[in-house]
Amino acid sequence: MDGQTKAKAEQYTDIMLEHMPVGVALYDVHDFRLLMANPLYHKFLDNYLGPAWTGGRAIGHPLREWLPAADATSFVSICRTVAETGRRYQAGEYVFQSRECGVTYWNWTLDPIHESEGRVNLLLLIANEVTAQVLARQEAEKAHASLSHANRTVEVERKRLEVIETVARNVRESIDTETVGKAAIDAINFHFNSIDVCIHVADPVQQALRLLHIHDTPYDKQTVTVMEYIPYNSSFMMMAQAHNRRDPIVIEDVASAVASGLIDSKHPLVTPDKHGFICVPLWFKDYFEGTLVATFQNVIHADSPELKTLIGCGTHIAAALAHARLHATIENERARLHAVLDQLPEGIVIVDSSNGCISYANATAADILGTPLTSLVGTPPRRYPSTHVVKDTYNRLILPWNFVVIRTLSGEKISSQETMVIRPDGSNMFTLSSATPIRLENGVITGAAIVFQDITAQKSIEQQKNEFLSIASHELRTPTTAIMGYAEILEMEASQDSSLDPICLHAIASIIEQSEGLTRLIEEMLDISRIEHEQLALLPSVHDLLKTLRHVVESQATTTSKHHLHLILQGLESTDTLMGYYDEARITQVLSNLINNAVKYSPSGGEIEVGLRYAPGAPGDALIWVKDQGIGIPASELPHIFNRFHRAGGRNSSISGLGIGLYLVNELVTSHGGHVRVESTEGAGSTFFVTLPLHANQE
Ligand code: ADP
């Protein structure tokens, strides 16, 4: 290479070195003098060296002169090692602090340069700035670290929700308190590394907490006994306070609580392995259900995930305990009700509308229906063939028992309906049934409740009584007619024979009067029997009601001297006619009966008003009234006055009678399409009102 070419090559080398992105420097191995460096290396040094050595002034000087002492020692020792061993030195991410650029990072290498004999005579330093990469990596590491932290938080939260969800799911399916406790504790224990978990339920009556469930723990018997029953006023067991608060009781570290005197050292919690303690009061709305308590090996803080998890679980456990408590209350009520119903002497059956089957029946029902209880429940009420028409002893049609069920399921309320049960063995039983539909709040019918009693015995007695009445009346009629006949013959004889003394005449008159009374009574008894057998036939025809009434009043007036009977016509002339279609003998019987009573129950005599008018508001009806000033009827008796054999004065009444007159009056008027009612004031008198239809026939 000639001199010119060589100079050019050196120039090119300088240009290359000047623009290289790495710092390059050459050191001598004897005293580590800086022989040569490219501009980047100088720039690097200028940031670092004192002003006396900047701008390339270090060139030609050993580094001990220009490099600060401490750095020089370590760098010289590196240079020496490379020079002696001939092996490259490599430094990664060397931190370089400069006045201008702050912290920068460099990778640098120190390579030995061998001379021709193989000895190392030069050291080549190449420094490469990696600040950008290092900073980027540090950023990435930081981002990664915070991501991991976030991941850890999410994982803790996920775990917390998983425990809560498991507890919620497990307890949701439990309907009794015991199962709720076990399900909750198993779920918590499975997910948690707590030492022990227990649930207490509140006993508001005893003002105490009762141990519901405890996870198998190394507790001794004595400790479990202490835990079993904790009165609210216990100062020893801190969870006794839970009923007074909504927020959890937390002891971060049991050991330090003992040291500070907060907890008694004999407290069951105090064991060497326990640190954290949490007691969550279990509230459902405003009802304190109990406590959830857990102890932990680790110390517990206010933001510990264990605390948050237990609070979350507590909400579900409290709801499940409340549900179980209400369920138990309803079950107890049901059991109590069934115990009462089971003992009742009436048969009770509940039929479900969804399937028409009997869902409940008591023993009496099974007895009456002649079917074992086990085959009754779960089956529909027995159907009877439509050909099986049942009639009672009076030939009246009686509904089969299951008709009541059908009518009630369709919404009808039935009270005291005579029904008939045809038992599987073919025997019939008379029953008195009442039934009501069972409805939801929105009115939908969900079933029917039927109560019935066996009245076969009563029916039989009633039948015998009626038969006796009927036979007795018939049998009495013949001799009474004979007595009447003979008495009338005697009366006729006496009227032609003036020799008879007054006592005999009075005796004959008395026989006739008493016989007439007896005949009336027998007729009334026969009428009752006819009514019951539906054999009381009316013989209606067209009559003038005013004429009938006038006739009755006139004939009754002759029977009493103490009373003054008078006929009042309201809105009518005495010449008017009120034509009606009725059985005249029966209406005469009705009016005579009422007037008779007015006389009988006015022992001191007085006015008796018999009135007639068109019924107010119903001109097609006539209104008749019989008003007396007698003893009157107590208000409490008024609703029963028309019942058969009912007497207002009771058996002690000094006025004789059988209590059948008004019953017949009511039956007869009703069978004519009219009705009777009474107004009365005790001690002031009574008024009986009879309304009768005035037939269109009168036109
Ligand atoms: P009896 O007169 O034979 O007792 P009733 O059937 O005629 O039977 O009357 C039933 C009851 O009604 C009587 O026992 C009496 O207590 C009461 N009663 C009926 N009419 C009157 C009246 N006008 N005044 C007071 N009480 C009456």
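Modeller: With a definition: a polar contact is a pair of N or O atoms within 3.5 Å; within protein, one must be able to donate a hydrogen and the other to accept it, and residues adjacent in sequence count only if both atoms are side-chain atoms. Here, a polar backbone atom of Leu 658 is 3.0 Å from an oxygen atom of the ligand. The model is predicted: local features need pLDDT of at least 70, side-chain atom pairs count only at pLDDT 80 or more, and totals for chains, interfaces and linings use all residues. Residues are numbered from 1 along each chain as its sequence is written, and side-chain values use heavy atoms, leaving out hydrogens and water.

Biologist: Which side chains have a polar atom by an oxygen atom of the ligand?

Modeller: Asn 597 places a polar side-chain atom 2.8 Å from a ligand oxygen, and for Tyr 601 the distance is 2.6 Å.

Biologist: Thanks! How do I read the strands, and in what order do they form the sheet?

Modeller: Strands are DSSP runs of E, at least two residues, and helices are runs of H or I, at least four, numbered from the N terminus. Two strands pair if DSSP finds at least two bridges between them. In this case five strands form an open antiparallel sheet, ordered β2-β1-β5-β4-β3. Its edge strands, β2 (34-37) and β3 (89-98), each pair on one side only. Strands β1 (residues 23-28) and β5 (residues 120-129) pair over six bridges, with Val 24 opposite Ile 126.

Biologist: And how long is α5?

Modeller: The expected span is 1.5 Å times one less than the number of residues. Helix α5 has 42 residues and reaches 60 Å from first to last C-alpha, close to the expected 62 Å.
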